[in-house]
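Have the sequence and the 3D view ready, and follow along.

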Amino acid sequence: MNIDLSSKRILITGASRGIGKAIAKELSQSGAELLLHCRSNLEDAKQLADKLPSQAHIVPCDLANLHDVEGWLPELIHTYGQIDVLINNAGIAIHSPLEKNSQEWVLEWQRTLNVNLTAAALLCKEFISSCDPEKGGRIINISSRAAHRGNLLPYMAYAASKAGLIALTKSLASHLGKRGVKAFSVAPGFVNTDMADAFKSRFGEAHVGSDIALEKLTEPEDISPLICLLCSGLADHATGSTFDLNAGSYMR
Ligand SMILES: NC(=O)c1ccc[n+]([C@@H]2O[C@H](COP(=O)([O-])OP(=O)(O)OC[C@H]3O[C@@H](n4cnc5c(N)ncnc54)[C@H](O)[C@@H]3O)[C@@H](O)[C@H]2O)c1
């Protein structure tokens, strides 16, 4: 199936590496104009943008700083024009054992929630207010398998943030469908990126690949085709759904 996204302007958070980068390549090949968000790694984002076949703009923002996030999306719309699809992909997984002192533990909990959930929620909120009721818009939130089955204790905040993202997505889908807004969650298992590398180096390679049904660990390019389909509108009647992409490691 050939998907044509040439009429779409799409914001991808955390686009400079990993899953976000693979999504950017896939959507660009389908012709979308991209707003490539990064935090500070402008050089990586620039190198990516230079190689993409469609128009791409680099739009930095620190999503841990909610003051920076507030009003950022309306500014992007003012500069580049209406955004058709918002992809909340940026995320962090901080190793935060229960043995840590509570003050530090709470700070790490809050940082995780800020980046993975609150910033994403704020972007959804401001995106929805910008949507033309005639045209609507699509939101794709990258959650995680951890939302459903939990995570190791040092990553409880991560699991909680990703579960929150799914609940948020369902709420948006339930109540905004008649205003043309569609919202989807995508829940990967381990994907071969820097984030999974951090787990591999801490817990060993076997921990990451031990429970998958398939031969090989999921690559970022195994996630991006689904995102392309969701952006296209061809799967709008799945609004509110969570798509599990975990190589058969967890079936609900
Ligand atoms: N890799 C996995 O195994 C896996 C599994 C399930 C879900 N996910 C989710 O997929 C998404 C992408 O993860 P990835 O594996 O590509 O990870 P990654 O660490 O390679 O990339 C994360 C991206 O988020 C951005 N980011 C982090 N903190 C930020 C901040 N404060 N401000 C702005 N940007 C920030 C980073 O710059 C980076 O571009 C994340 O939401 C992650 O939780 C990943």
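Let's start at one glycine. Apart from its neighbours within four places in sequence, G14 is in contact with G20, H37, N89, A90 and G91, where contact means that the C-beta atoms, placed from the backbone, lie within 7 Å. Before going on, two housekeeping notes. This is a predicted model: local features need pLDDT of at least 70, side-chain atom pairs count only at pLDDT 80 or more, and totals for chains, interfaces and linings use all residues. Residue numbers start from 1 along each chain as its sequence is written.

**Two loop residues**

G14 is found in the loop between β1 and α1, while P97 is found in the loop between β4 (85–88) and α5 (102–130). These labels are DSSP runs numbered from the N terminus: helices (H or I) have at least four residues and strands (E) at least two. Is G14 buried or exposed? G14 is buried because 24 other C-beta atoms lie within 10 Å. P97 has 11 other C-beta atoms within 10 Å, so P97 is exposed. The cut-offs go like this: 20 or more other C-beta atoms within 10 Å of a residue's own makes it buried, 12 or fewer makes it exposed, and anything in between is partly exposed, with C-beta atoms placed from the backbone.

| Pair | Separation in sequence | C-alpha to C-alpha |
|---|---|---|
| G14 and A238 | 224 residues | 25 Å |
| P97 and L245 | 148 residues | 27 Å |

**Around the ligand**

G14 turns up again here: 25 residues surround the ligand, and the closest are G14, G18, R39, G91 and T193. To count as near, a residue needs its C-beta atom, placed from the backbone, within 6 Å of the molecule. The elements giving two or more residues to this shell are α1 (18–29) and α8 (194–203). By class, the shell has 13 nonpolar, eight polar and four charged residues. Here Ala, Val, Leu, Ile, Met, Phe, Trp, Tyr, Cys and Pro count as nonpolar, Asp, Glu, Lys and Arg as charged, and the others, Gly among them, as polar.

Now look at β2 (residues 33–38), where six of six residues are buried. On one side sit E33, L35 and H37, and on the other L34, L36 and C38. In a regular strand the side chains alternate between the two faces of the sheet.

Which strands sit alongside? β1 (residues 9–12) pairs with β2 in the parallel sense over four bridges, and I12 has L36 as its bridge partner. β2 also pairs in parallel with β3 (residues 56–60), over five bridges, and there L36 has I58 as its partner. Strands pair if DSSP finds at least two bridges between them.

L36 is also one of the residues with the most contacts inside the largest nonpolar core, which has 65 residues. Such a core is a set of buried Ala, Val, Leu, Ile, Met, Phe, Trp, Tyr and Cys residues joined through C-beta atoms within 7 Å.

**Strand β6**

Strand β6 (residues 181–188) is largely enclosed by the rest of the structure, because eight of its eight residues are buried. V181, A183, S185 and A187 point one way, and K182, F184, V186 and P188 the other. Six bridges join β6 to the parallel strand β5 (residues 137–142), with N141 partnering S185. β6 and β7 (residues 242–245) pair in parallel over four bridges, and P188 stands opposite L245.

Conventions
Two residues are in contact if their C-beta atoms, placed from the backbone, lie within 7 Å.
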